Amino acid sequence: MNAFEMYKTVENVIEAEIKELKRKLKSKRVADQGMKGQWEKDLFEISQLRKGVGESKEKFLDRVLPY
């Protein structure tokens with residue numbers, strides 16, 4: 001697996017997790033509401049991770065493809 005494939009795999013995992021957390025946050029189930037605060041925190045943290053991975057990927061591509 002090359003570096004670009006690695007970044008793409010990480011991005012896909014992050015996007016899947018964000019999608020799942022958003023689905024959970026929209027849930028109307030009473031049992032799930034107790035976890036709402038934790039899911040909001042997790043969503044914020046994983047969104048920050050996505051931002052960091054995106055910036056890292058851009059820097060990597062700028063270094064490898066300088067044109």
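Is glutamate 20 buried, exposed or partly exposed, and what is its relative accessible area? Glutamate 20 is partly exposed, because its relative accessible area is 29%, where buried means under 20%, exposed means over 50% and partly exposed lies in between, all found with a 1.4 Å probe on protein chains only.

## About the model

This is a predicted model, in which local features need pLDDT of at least 70 and side-chain atom pairs count only at pLDDT 80 or more, while totals for chains, interfaces and linings use all residues. Residues are numbered from 1 along each chain as its sequence is written, and side-chain values use heavy atoms, with hydrogens and water left out.

## Helix H1

Helices are DSSP runs of type H or I with at least four residues, numbered from the N terminus. The 24 residues of H1 should span 34 Å at 1.5 Å a residue, and the C-alpha atoms at its ends are 35 Å apart, which agrees; the expected span is 1.5 Å times one less than the number of residues.

## The nonpolar core

A nonpolar core is a set of buried Ala, Val, Leu, Ile, Met, Phe, Trp, Tyr and Cys residues joined through side-chain atoms within 4.5 Å. The largest one here has 10 residues, among them Ile18, Leu21, Trp39, Leu43 and Val53. Helix H1 (3-26) and helix H3 (36-64) each supply at least two residues of this core. In soluble globular proteins, nonpolar side chains tend to be buried together.

Valine 53 is in contact (heavy atoms within 4.5 Å) with Tyr7, Val10, Glu11 and Ile14, if its neighbours within four places in sequence are left aside. Leucine 49 is placed in helix H3 and counts as partly exposed because its relative accessibility is 46%. The C-alpha atoms of leucine 49 and isoleucine 14 are separated by 8.1 Å, although these residues are 35 residues apart along the chain.

## One aromatic pair

The whole structure holds one aromatic pair. Tyrosine 7 and phenylalanine 60 form this tilted pair, with 5.7 Å from centre to centre and 45 degrees between the planes. Rings of Phe, Tyr and Trp (its six-membered ring) pair if their centres lie within 6.5 Å, and planes under 30 degrees apart count as stacked, over 60 as edge-to-face and the rest as tilted. Both tyrosine 7 and phenylalanine 60 are buried.

## Salt bridges

A salt bridge is a side-chain nitrogen of Lys or Arg within 4 Å of a carboxyl oxygen of Asp or Glu, and a search of the whole structure finds four. Glutamate 11 meets lysine 8 in one of them, at 3.8 Å from N to O, and these two residues are separated by about one helical turn because they are three residues apart in helix H1. Lysine 57 also meets glutamate 11 in a salt bridge, at 3.3 Å from N to O. This pair links distant parts of the chain, with lysine 57 in helix H3 and glutamate 11 in helix H1, 46 residues apart.

Arginine 23 and glutamate 20 meet in a salt bridge at 2.5 Å from N to O. Salt bridges that share partners join Lys8, Glu11 and Lys57 into one network.
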